[in-house]
Amino acid sequence: MTVSISRVGEILRDAEDVLILTHIHPDGDCLGTGAALCRHLLSQGKRATVVNGGPVPKKYDYLFEGLPQETFEPKTVIAVDVADTTLLGDLAVYADRVDLCIDHHVSNKLYARETYLCPDDAAAALSLYRVLRTLGMPIDKPMADALYTGLSTDTGCFRYSNANAEAYRAAADLIELGADNAAINVKMFETKPISQFLLLSDAFAGLRLFCDGKVSVLKITQEMLEERQADEDSFDFLTALSRQIEGVVCGITMKQQEDGHYKISLRTHEPVDASAVCALLGGGGHKRAAGCDAGPDEEESLKTLLSFLAEQLGCAV
């Protein structure tokens, strides 16, 4: 069931030996939210640690500086930015033990015992920020850095349509609280390894356009990733670029996983609802960013999405 801020406050106050879970392919929002929450709990004299659903890109190391990496049997389990237990990966062993979920995905499955769900929030970091500020809980510089990281990365450095007035006000407050916005923005958006540019060249060499140029499709194979020694950040980089082509309203990026099947990510402009498109294949997310699994035949799955998009956009595939 969904709960109020006051109830979240009660859960955090009573929590002991807290395990904080993030999702597979961890990004700036789940990592920033998880790190900020962990720091808050530690400041209250509690034992807490963050366990991530997958390898953490090196650029996020600063979020966890000084945080203990303890191993203990948790009494309280909290998931952040995790809409579905399928996104926990190996952490799914805790799927039926999640006491609280803090999330902003409209597709949240309400799997936790209690869920603080804010689908209009630009990031889970904004949801946690609201909890802390509403309840009068202090936010120090490392927490401000972590929350700002989550907010800035999920809004594309405040360029996406989800960057509403509340997101900007929260960012301004976090900067006043010590968040080093300039350094974080450079690290997140202005510094990229050469492998990303090499992968970019490979991917765009195979660019396909459909629906009169309104839909772009990029396909990334394991061979490309291995040859360029690219990591998960490279995929996110390409996904963000997929809708930046002039005339494109829906960018589809298909990434081959190690087992051979493909993961599909969508980035859209109005009027396409990315979450509704991905729901066709059992996925979900936000209106402007969503994802799903392609299943056993990625090209057949792509045809399913393209047919739906053609109908939505009033054009031929």
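Biologist: Thanks! What percentage of the 317 residues of the protein count as buried?

Modeller: A word on the ground rules. This is a predicted model, where local features need pLDDT of at least 70, side-chain atom pairs count only at pLDDT 80 or more, and totals for chains, interfaces and linings use all residues. Residues are numbered from 1 along each chain as its sequence is written, and side-chain values use heavy atoms, with hydrogens and water left out. Now to your question: buried means under 20% relative accessible area, exposed over 50%, and partly exposed in between, with a 1.4 Å probe and protein chains only. Here 55% of the 317 residues count as buried.

Biologist: How many helices and strands does the secondary structure come to?

Modeller: Helices (H or I, at least four residues) and strands (E, at least two) are DSSP runs, numbered from the N terminus. This protein has eleven helices and eleven strands. Its radius of gyration, taken over C-alpha atoms, is 19 Å, close to the 20 Å that the globule rule (2.2 Å times the number of residues to the power 0.38) gives for 317 residues, so the protein is as compact as a globular protein of that length.

Biologist: On to the rings, then. How many aromatic pairs are there?

Modeller: A pair of aromatic rings is described by the distance of the centres and the angle of the planes. Rings of Phe, Tyr and Trp (its six-membered ring) pair if their centres lie within 6.5 Å; planes under 30 degrees apart count as stacked, over 60 as edge-to-face and the rest as tilted. The count comes to two. One is Tyr148 with Phe158, tilted, at 6.0 Å centre to centre and 45° between the planes. Tyr148 belongs to helix H4 (residues 141-154), while Phe158 is in the loop between H4 and helix H5 (165-176), ten residues apart.

Biologist: And which residue does Tyr168 pair with?

Modeller: Tyr168 pairs with Phe158, again tilted, at 5.3 Å and 35°. Tyr168 lies in helix H5, ten residues from Phe158.

Biologist: Is Tyr168 buried or partly exposed?

Modeller: Tyr168 counts as partly exposed, because its relative accessibility is 44%. Phe158 has 13%, so Phe158 is buried, and Tyr148 is buried too.

Biologist: Which ring does the charged end of Arg243 sit over?

Modeller: A charge sits over a ring if NZ of Lys or CZ of Arg is within 6 Å of the ring centre and within 35 degrees of the ring normal. For Arg243 the ring is that of Tyr160, 4.6 Å from its centre. Lys219 likewise lies over the face of Tyr262, at 5.0 Å from the ring centre.
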